[in-house]
Amino acid sequence: MNFASDNAGPAAPEIMAAVIAANEGSAMPYGNDPVRDGAIQKIRDLFEAPEASVHLVATGTAANALALSVLARPWEAIFCHRAAHIEADECGAPEFYTGGAKLALVEGVGAKMTPEALRKAIHAKGGGDVHSVQRGPVSITQITEEGAVYALPEIEALSDVAREFGLQLHLDGARFANACATLGCTPAEMTWKAGVDAVSFGGTKNGCLGVEAVVIFDQSSAWELELRRKRGGHLFSKHRYLSAQMEAYITDGLWLRLAQSANARCAELAEGLRGLPGASFMEEPRGNLVFVHLPRAAHARAMAAGAKYYLFGEDQALDGDPETPILCRLVCDWSCTSEKVQSLLALFRGV
Ligand SMILES: Cc1ncc(COP(=O)(O)O)c(C=O)c1O
């Protein structure tokens, strides 16, 4: 019973079928395969962005780092939340790929930055002084690392601040589909229509084997990104397998259906957790992640029965005071079922 990560889930059958179909015979390497152009066009159509530059890679870290490498100069600051994946979980890849850009950390509840906090952080990096790092792009994550969701006006407000200073806005969309599903908005509404300049459009967490797209809403850095992807070791020679996954992911709205299913199971889980004595949410769950405090005894029961998920905080021992609340993260991937959710809830309840 695995609620540890979206990445613990399997690949969707439609994705596997597309990979198997792509495995017929030979195809030209390095993105010259016959499926690539169709996959790229589908992403442009999905985002209603005919001019977008689109590049496929296999990991979210590569997508973020490559996107930021064309948005930030080495002497610039990238403004992101303290809990952002690019800060906390990418082993310095953005700094490495940008050739040394500095991450400037912004505070905010639920790993969301507020326009006020962003403006303060930008002011603190006083542009124009040769001794100081210069102001560079802003990067936000949707859904955030703590399971919160930016409403569209909140994205617009951050974009307005970035634009006030002439800065660009990047969106880490590792859980992009889950965000669209919960907001009921289109990819265009959540990105360029709200002032986002570049997106890491995730596939892997939501049923792909391993594919993400860097989407930049103009062509000005298209060639530079191609060169950086190659130089950074992320131009797949057998690119057809990336193309096939992305093509299948977009076809017939699979991306959205998988996310809707994950979100629905997560809502069911949240509903059940609400009724548990001692349960309290860190953030009201909106997508496919729940951060919830539960009594130690509930964790001890679930984990002894084989449930897998992450605990947070200094005290994670399972054998102390049974009532002490311990924070955990529970993730529903696209394949999660109601039975699995109910089984976990039964373990937490101890029945
Ligand atoms: C917010 C966020 N961004 C990006 C990623 C992509 O990471 P990876 O390089 O492991 O695919 C993840 C995965 O955990 C994530 O949670």
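Predicted model: local features only at pLDDT ≥ 70, side-chain atom pairs only at ≥ 80, totals over all residues.

Residues are numbered from 1 along each chain as its sequence is written.

**Stop 1: the domains.** Select 10-254 for domain 1 and 255-349 for domain 2; such bounds come from an automatic or database domain assignment. Their centres, taken over C-alpha atoms, are 28 Å apart.

**Stop 2: the boundary.** Here 21 residues of domain 1 are in contact with 19 of domain 2 (contact: C-beta atoms, placed from the backbone, within 7 Å). On the domain 1 side, colour helix H8 (176-183) and helix H11 (240-250), the elements giving two or more residues. H8 supplies the largest share, six residues. (Helices are DSSP runs of H or I, at least four residues; strands are runs of E, at least two; both are numbered from the N terminus.)

**Stop 3: the sheet.** Now show the open, antiparallel four-strand sheet, ordered S8-S9-S11-S10. Pairing takes at least two DSSP bridges between two strands. At the edges sit S8 (280-281) and S10 (310-312), each pairing on one side only.

Next, select S9 (289-295) and S11 (325-331), which pair antiparallel over seven bridges. Click Phe 291: its bridge partner in S11 is Arg 329.

**Last stop.** Which strands does helix H12 (residues 254-274) touch as it packs on the sheet? H12 touches S9 and S11.

Conventions:
Contact = placed C-beta atoms within 7 Å. Axes fitted to C-alpha atoms, helices over the stretch in contact; angles between N-to-C directions.
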